[in-house]
Amino acid sequence: MKTWQKVLLSFLVTLSIGGVYLFSVWKHRQDPGILGRDDTKDQKLSSDDLAVVRMFFPAHFEDTLKLQGTSVWMKNGYTMAYYPYAGRQVIFAKLAGVIPSAQRLDVKTIVKSAVPASVDDGMSHGSRQVFAVFALPGSAGLYATPIGAIQDSEESYYCDLLFYYDDPHTIYDNWSKDAWAAIDAHQVKPGMSELQTRMAIGQNIHADGSSQGNRTVTYNQAGKHWTITYDNNRATAIRSE
């Protein structure tokens, strides 16, 4: 084969490969498939989805000290035990109760304490638990609730699951006055969403399905039980006992 024939053949092969590549790119752009499709235009985000809920991911005891001198609001309502705090001691023998949803806590200090084996506060004891010591608005006493545990070199903290770091009234300022009135009274009214209901009566729940907003959920609100059915994320049937 002559030199010019070899060059021409090489050129034709290269041109053919390039053509196939360009065609495949064009075809992909016409029908990019699952990975390439932009389905976000079909997704409708609610105002609740767009609300900014701050977190700070504490990993060490020193990180939790940032809470001292701040106010937090209980996110995990009616699940977290709290105890009187006096003489720099957590008084485990006198359980004060469980903290209501959206309750403001004015954090005074963060402390470590060994926990008696007989105490069940819903959190691993480790060798020591870490407590937020707080005051309740209008109350003179101090109280403590666990926020994490330490075992040897291992530390676990749950602050972001337990607390809002901003007043939820401002986080969810799109909610109606009627909804907030019910929440502040720790009641549930027809039309409330699951999130609004949790804000009112807590996270101690059992659901009959995983499709949030379309299921029946039972709540234990510190001994008061609610059974609520949701349709399209609106409470349609409410029973309490």
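How many of the eight residues of α8 are buried? In this predicted model, eight of eight are, so helix α8 counts as mostly covered, buried being under 20% relative accessible area.

**Helix α8 and its surroundings**

Helix α8 spans residues 194–201. Its buried residues are Glu194, Leu195, Gln196, Thr197, Arg198, Met199, Ala200 and Ile201. The list of what covers them includes helices α3, α6 and α7, together with strands β9, β11 and β12. Directly after the helix comes Gly202, which takes a positive phi of about 100°.

| Element | Residues |
|---|---|
| α3 | 47–50 |
| β9 | 163–164 |
| α6 | 168–171 |
| α7 | 177–184 |
| β11 | 216–221 |
| β12 | 224–231 |

**The sheet**

Four strands form an open sheet in the order β10-β11-β12-β13, and their pairing is antiparallel. The edge positions are held by β10 (205–207) and β13 (234–240); each has a single partner strand, so one side of each lacks a neighbour in the sheet. On average, neighbouring strands here are turned by 20° against each other, with direction ignored.

Six bridges join β12 to β13 in the antiparallel sense. Within this pairing, Trp226 has Ser240 of β13 as its bridge partner. Helix α8 packs on the sheet and touches β11 and β12. The direction of α8 makes about 15° with that of β11.

**The largest pocket**

Helix α8 also contributes to a pocket. The largest pocket holds about 460 Å³ of space. It is lined by 24 residues, of which Ser46, Asp48, Ser193, Leu195 and Asn233 are the closest to its centre. The greatest contribution comes from α8, with four residues.

**The chain as a whole**

The protein chain has eight helices and 13 strands. Of its 241 residues, 36% are buried. Its accessible surface comes to about 14,500 Å², and carbon and sulfur atoms account for 53% of that. Counting contacts between residues at least 6 apart in sequence, 51% join residues at least 24 apart.

Methods:
Residues numbered from 1 in each chain as written. Predicted model: local features only at pLDDT ≥ 70, side-chain atom pairs only at ≥ 80, totals over all residues. Heavy atoms only, no water. Pairing = 2+ DSSP bridges. Helix = DSSP H or I, 4+ residues; strand = E, 2+ residues; numbered from the N terminus. Axes fitted to C-alpha atoms, helices over the stretch in contact; angles between N-to-C directions. Contact = heavy atoms within 4.5 Å. Buried < 20%, exposed > 50% of the residue type's maximum accessible area, 1.4 Å probe, protein only. Areas by Shrake-Rupley, 256 points an atom, 1.4 Å probe, with all protein chains shown as cover. 1 Å grid on protein atoms, 1.4 Å probe; cavity = no way out; pocket = protein on both sides within 12 Å on 5 of 7 lines; lining within 4 Å. Points joined across faces, edges and corners; volume = space filled by probe spheres on them.
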